[in-house]
Amino acid sequence: MSYGIYKTAFKDGTASFRVSFYHAKKHIAIGSYSDEKTAETALKEALALYDDKTITIWNFRHFISEVSSDKAVSILNHRDNHVYFKTPIYLMQGYFLYFLNDKRIIKFDNDDLFYYSTHRILIHDGHLYVNDYGSQYSLFARYGIRNFAVKGVDYDFANGDSNDLRYENVIVINPYNGVRQLDYNGMIRYEAKIHINGYVRIGIFHSMEKAAVAYNKAVDFCLSHGLYRNFVKNYIVDLSANEYKSTYDSISLPESLETAINAVSQRSPGDAE
C-alpha cells in the first residue's frame, strides 16, 4: 500500500482507505475513500498541489477530481502563505478569500480572519450564516445588518460586488427595525412604520434615530392595547437615557395606529389575517 494511505473501516464495517501525510511538520488529512485506487488518486492530487507551482488558487479545479475543493484551497494557502486553515481560506495582500463553493468566492478583511478560520460558512436559500454555540448567526449581523434586511433599502455595497464583505465596502443604510430611508421632496428623511394588518405609517423624521424611537413607541402602544406580535424593538446606542426619553415623549403617534389595532381586535378568530 502506498505511503500516505491507511486501510481502516467505515462505521458499517466496510473497508476504508484514509489518505493523510505530513508536510512541513503539519499533518494533512485528505479524506477517506472506499477503494485503494481512488485513495491513490487523491494522494497524487494532494501532493501535486504542494509540488506543482503551475497549479494556482485560480486554476486548481482543473487538477483535482478526488480531493475536495475546500481541502485544495487549504493546501494551496499552506503552500503559498505557510499557514494551514481548516476552512477554505486563501490569504491575499491585506485581505483574504473564502471559497464558499465552486462558484462563489467571498472577500473579507483580515480582522475577520480568526473568526472564519474557526467557523465554517454555510448557505441556505441564499442566506449566509455560521453555527456558533448551537445557534445560527447571519454573516450580515457582524455589520449591524438585521435579519430580513433588503439590499438597496437597508444595506448596499460600495463597489456593487455583493461578495466583497470587507467593511469599507458594506454600506449600512438602515440598522433599525421599522425604519427606512427615503427621498422626501429631494431631502433625505426616515420613515417609521409598523405592520398591524398591513403597514401603518408612524411618521417621517429628520433622523433615523428618532424614527427608530417612534417605532419603539408604536410597539409599546400596540402591546398596551393587547396586540401581541413578534415585534423587535430597537436599541439606539447613540442616545443617552435622557435623550431617548425626551425623544420618546416628543413623538405623537397617528390616530391610524389605534384604528388599525381596533380593526384587528374586532375581527372574529376565524377571519384570515
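By salt bridge I mean a side-chain nitrogen of Lys or Arg within 4 Å of a carboxyl oxygen of Asp or Glu. Before going on, please keep in mind that this is a predicted model, where local features need pLDDT of at least 70 and side-chain atom pairs count only at pLDDT 80 or more, while totals for chains, interfaces and linings use all residues. Residues are numbered from 1 along each chain as its sequence is written, and side-chain values use heavy atoms, with hydrogens and water left out.

R201 and E191 come together at 2.8 Å, N to O. R201 lies in strand β14 (residues 199-205) and E191 in strand β13 (residues 187-195), so this pair ties together parts that are 10 residues apart in sequence. Helices (H or I, at least four residues) and strands (E, at least two) are DSSP runs here, numbered from the N terminus.

Are these two partners buried or exposed? E191 is buried, at 5% relative accessibility, whereas R201 is partly exposed at 46%. The cut-offs are under 20% relative accessible area for buried, over 50% for exposed, and partly exposed in between, with a 1.4 Å probe and protein chains only.

Now to another pair. D102 forms a salt bridge with R61, and their closest N and O atoms are 3.0 Å apart. D102 sits in the loop between β5 (95-99) and β6 (105-109) and R61 in the loop between α1 (36-51) and α2 (69-81), so the bridge ties together parts that are 41 residues apart in sequence. R61 is partly exposed, at 29%. Then there is D154, which pairs with R146, again with 3.0 Å between the closest N and O atoms; D154 is buried, at 7%. How many salt bridges are there by this rule? The count comes to 11.

Let's zoom out to the whole chain. The protein chain has 6 helices and 14 strands, and its C-alpha trace spans about 80 × 45 × 30 Å along the principal axes. The radius of gyration is 27 Å, while a compact globule of 273 residues would be near 19 Å; that value is taken over C-alpha atoms, and the globule rule is 2.2 Å times the number of residues to the power 0.38. Buried residues make up 41% of the 273. Thanks, and I'm happy to go back to any of these pairs on screen.
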